[in-house]
Amino acid sequence: MSTGHIGDFTVKRVGYGAMQLAGPGVFGPPADPENNRAVLRRALELGVDHIDTAQFYGPDVVNDLIREALHPYPENLRLVTKVGAERSEKGEFLPAGRPEQLVEQVEANLRALDTDRLTMVNLRRYELDAPGSEEPALEDQLAALVGLREQGKVAEIGVSSVSADTVRRAVDLAGVVSVQNPYSILDRSGQEALEVARDHDLAFVPYFPLGSAFTGGPAKIAADPHVTAVAQKHGVAPTQVALAWLLAQYENVLLIPGTSSIAHLEDNLAVADVQLDPEDLSQLGKVEESPVEI
Ligand SMILES: NC(=O)c1ccc[n+]([C@@H]2O[C@H](COP(=O)([O-])OP(=O)(O)OC[C@H]3O[C@@H](n4cnc5c(N)ncnc54)[C@H](OP(=O)(O)O)[C@@H]3O)[C@@H](O)[C@H]2O)c1
């Protein structure tokens with residue numbers, strides 16, 4: 001499989017997003033934790049070397065599953081987490097991005113994953129979810145994470161759910177190496193941030209790459225006539241076309257599709273072999289957008 005990079009770390013272009021391993025709504029434990037540990041082990045057997053996680057998945061559920069299934073970790077495994085959010089008692093995602101909260105959250109990830117150092121921590125902002133709302137200053141948030149980088153607790157810093165302008169500022173302020181934004185064939189609103197990532201040779205890691213479980217993204221992809229036509233031509237699944245479309249946008253797009261199904265995991269990793277031609281890309285440009293609103 002071809003590779004991309006997170007700063008100086010080389011990773012395969014298709015990794016794994018662990019969010020789907022928590023219970024329904026990413027809240028509480030899953031119905032079948034042994035299945036979910038098996039998904040993680042199978043991911044590594046198939047060569048996955050990049051896992052995306054968060055302590056607020058569950059909360060306190062997904063990182064435990066990763067540790068139980070995979071610790072001691074292979075040397076080449078890149079664990080990437082995100083900070084800046086927490087969960088209410090009802091499971092709502094709430095902003096929690098004050099500098100001292102960010103530090104506590106990184107420490108909680110290190111403890112739960114039982115590791116001394118994370119490959120990367122993403123600063124998860126709320127500027128796309130709640131435009132205009134008050135957030136801690138980017139400068140202060142990044143300074144807290146730079147402190148952790150200096151202590152060796154995180155190797156790299158990324159930003160998540162941010163405007164193109166925030167990406168530029170974060171590169172200047174902290175030398176961030178990655179952007180993790182919502183982006184898919186159903187929601188191309190992240191295009192400008194992707195272009196900034198390209199300009200600065202950053203990784204661009206789309207989340208909700210299949211349009212999101214929250215809004216039935218995979219079913220919408222399977223129902224789209226342009227996607228299904230390309231899928232039939234190549235003899236692959238519509239979801240694979242949607243993931244291949246993402247890989248074709250920029251050579252340092254790194255995928256982290258989420259699933260709790262071994263069959264889906266295998267399909268998603270096989271996408272590295274799907275080569276779309278210019279005619280396919282032109283047809284896929286006609287897919288009607290259906291952005292995720294949660
Ligand atoms: N930075 C952020 O704020 C943020 C937000 C959301 C997510 N993320 C990260 O991004 C990762 C990817 O996002 P995501 O998992 O929500 O989105 P997604 O990949 O767009 O959607 C996941 C949904 O797709 C289904 N699915 C996966 N592979 C499939 C396949 N081959 N065929 C049919 N259905 C398939 C999954 O169901 P099954 O389980 O049944 O396969 C699940 O319902 C997450 O795991 C997480 O690590 C980050």
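The shell around the ligand divides into eleven nonpolar residues, twelve polar ones and four charged ones. The model that shows this is predicted. In total, 27 residues surround the ligand. The closest are Asp52, Ser160, Leu210, Thr259 and His264.

Which helix gives the most to this shell? Helix 10 does, with three residues. That helix covers residues 262-269. His264, one of the closest residues to the ligand, falls within that range.

Now look at the polar side chains that face the ligand. His264 places a polar side-chain atom 2.5 Å from an oxygen atom of the ligand. Ser160, also among the closest residues, has a polar side-chain atom 2.8 Å from a ligand nitrogen atom.

How much of the ligand does the protein bury? Taken alone, the ligand exposes 900 Å². The protein buries 88% of that. The space that the ligand takes is the largest pocket.

Step back to the chain. UniProt, in an unreviewed entry, lists residues 14-287 under "domain: NADP-dependent oxidoreductase". Over this stretch the chain is 41% helix and 13% strand.

The backbone has some points worth a look. Most peptide bonds are trans, and most residues other than glycine have a negative phi. Against that background, start with Gly58 and Pro59. A cis peptide bond joins them, with omega at about -10°. Pro59 sits in the loop that runs between strand 4 (50-52) and helix 2 (62-70). Asp52, listed among the residues closest to the ligand, belongs to the range of strand 4.

A cis peptide bond joins His71 and Pro72 here, and omega is about 0°.

Where does Val26 lie? Its place is the loop between strand 3 (16-17) and helix 1 (33-45). Val26 is not a glycine, yet its phi is positive, at about 60°.

Methods:
Residues are numbered from 1 along each chain as its sequence is written. This is a predicted model: local features need pLDDT of at least 70, side-chain atom pairs count only at pLDDT 80 or more; totals for chains, interfaces and linings use all residues. Side-chain values use heavy atoms; hydrogens and water are left out. A residue is near a molecule or strand if one of its heavy atoms lies within 4 Å of it. A polar contact is a pair of N or O atoms within 3.5 Å; within protein, one must be able to donate a hydrogen and the other to accept it, and residues adjacent in sequence count only if both atoms are side-chain atoms. Accessible areas come from the Shrake-Rupley method with a 1.4 Å probe; for residues, only the protein chains shown count as cover. On a 1 Å grid over the protein atoms alone, a cavity is a set of points where a 1.4 Å probe fits but cannot get out, and a pocket is an open set with protein on both sides within 12 Å along at least five of seven lines; lining residues have an atom within 4 Å of a point. A molecule sits in a cavity or pocket if more than half of its atoms lie within 2 Å of its grid points. Helices (H or I, at least four residues) and strands (E, at least two) are DSSP runs, numbered from the N terminus. Ala, Val, Leu, Ile, Met, Phe, Trp, Tyr, Cys and Pro count as nonpolar, Asp, Glu, Lys and Arg as charged, and the others, Gly among them, as polar. UniProt positions are given in the numbering used here, feature names are shortened, and annotations may be inferred rather than shown by experiment.
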